Amino acid sequence: MKKTKKILSPAYLALIFLFLYLPIFILIVFSFNSSKSKSVWTGFTFDWYVQLFHNDYIISSFINTLILAAISSIIATILGTLAAIGISAMKKKAKTVILNLTYLPILNPEIITGVSLMILFALMKLEPGFFTLLIAHISFSVPYVILNLMPKLRQLDRSQYEAALDLGCNQYQAFFKVILPEIFPGILSGFLMALTYSIDDFVISYFTTGPAMQTLPIAIYSMIRRQISPEINALSTIMFAVVLIILVVMNVKDIRSSKKRELKYLNNI
């Protein structure tokens, strides 16, 4: 029985990873295909990567996406952090109600959120474009920041904040020197999640954008009606490679820092 488990567990894990990463691997391989075919390999080439940087439509859509994601994520992180601190200071019943209302947009289907925001902007007579997209992205990003930050605030030892006040810090100094360093990992993870969802979002962006503002997901959708260019495969490969490099660098950095902490601990014993 144990031998069977030893065989089945790695096989099951391998199938899961194959299911997750095989489509990405195929996309990467066909980004070097010399023809536009999505199923037939005709030869190796870098032409699509060269043409990518000469495609103004894709590059401008990608830049719009990055600018929108960066601005909306920063604003959402600030608002979400302030909201999470305020919620954590509430009484239990009020906190439960507010958290349930906060998490509702996460559970709500995106198409409902998109249509609702479109109607709201129409009633407010706002011209669809960058500003409406920014509001929409901030609105669905804030709950993710709060979701990531609340566990850190629950773990926070309030006595440290009170001790900082007793030792002469004012409220602002105590917050920036005591609370902020403790909750910073939650703030960072909330920011990264907001950034990821903003870059990835299509449905809400589709309902709240205008003809003058195109994000990358909307640009790709408009290409589906004709034919998706292999230049998109090239861009996707570059994005995947950048994310992979960042993850590897961060993991190596964490491993090195953990080893340093262990060495310091052993030297102090």
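Lys 125 is exposed, with a relative accessible area of 76%; exposed denotes over 50% relative accessible area, buried under 20%, and partly exposed the range in between, with a 1.4 Å probe and protein chains only. The model is predicted, so that local features require pLDDT of at least 70 and side-chain atom pairs count only at pLDDT 80 or more, while totals for chains, interfaces and linings use all residues. Residues are numbered from 1 along each chain as its sequence is written, and side-chain values use heavy atoms, with hydrogens and water left out.

**Backbone and loop**

- Lys 125 belongs to the loop between helix 5 (110–123) and helix 6; helices are DSSP runs of H or I with at least four residues, numbered from the N terminus.
- The phi angle of Lys 125 is near 60°, a positive value in a residue other than glycine.

**Surface patches**

- Positive charge gathers in a surface patch formed by Arg 256, Lys 259, Lys 260 and Lys 264.
- Patches consist of residues with over 30% relative accessible area and no salt bridge, like charges being joined within 9 Å and nonpolar side chains (Val, Leu, Ile, Met, Phe, Trp, Tyr) within 5 Å.
- A salt bridge places a side-chain nitrogen of Lys or Arg within 4 Å of a carboxyl oxygen of Asp or Glu.
- Lys 264, one of the patch residues, is found in helix 11 (residues 230–268) and is exposed, at 59% relative accessible area.
- Tyr 12, Leu 13, Ile 16, Phe 17, Phe 19, Leu 20 and Tyr 21 make a nonpolar surface patch of about 780 Å².

**Aromatic pairs**

- The structure holds 13 aromatic pairs; rings of Phe, Tyr and Trp (its six-membered ring) pair if their centres lie within 6.5 Å, and planes under 30 degrees apart count as stacked, over 60 as edge-to-face and the rest as tilted.
- Among them is the edge-to-face pair of Phe 30 and Trp 41, at 6.3 Å centre to centre and with 80° between the planes.
- Because Phe 30 lies in helix 1 (residues 2–30) and Trp 41 in the loop between helix 1 and helix 2 (47–52), this pair ties together parts that are 11 residues apart in sequence.
- Phe 30 is buried, with a relative accessible area of 15%, whereas Trp 41 is partly exposed at 43%.
- Phe 202 and Tyr 206 form a tilted pair, with 5.5 Å centre to centre and 35° between the planes.
- Phe 202 has a relative accessible area of 25% and is partly exposed; Tyr 206 is also partly exposed, at 37%.
- Phe 32, Phe 44, Phe 46 and Tyr 49 are linked into a cluster by ring pairs.

**Buried positions**

- Leu 133 is placed in helix 6 (residues 130–155) and is buried, with a relative accessible area of 0%.
- From C-alpha to C-alpha, Leu 133 and Leu 117 are 9.7 Å apart in space, and they are 16 residues apart in sequence.
- Pro 217 is placed in helix 10 (residues 216–224) and counts as buried, at 17% relative accessibility.
- Pro 217 and Ile 204 are 13 residues apart along the chain, and their C-alpha atoms are separated by 11 Å.

Terms used
Accessible areas come from the Shrake-Rupley method with a 1.4 Å probe; for residues, only the protein chains shown count as cover. Lys and Arg count as positive and Asp and Glu as negative; His and the chain ends are not counted. The place of a charge is taken as NZ of Lys, CZ of Arg, CG of Asp or CD of Glu. Helices (H or I, at least four residues) and strands (E, at least two) are DSSP runs, numbered from the N terminus.
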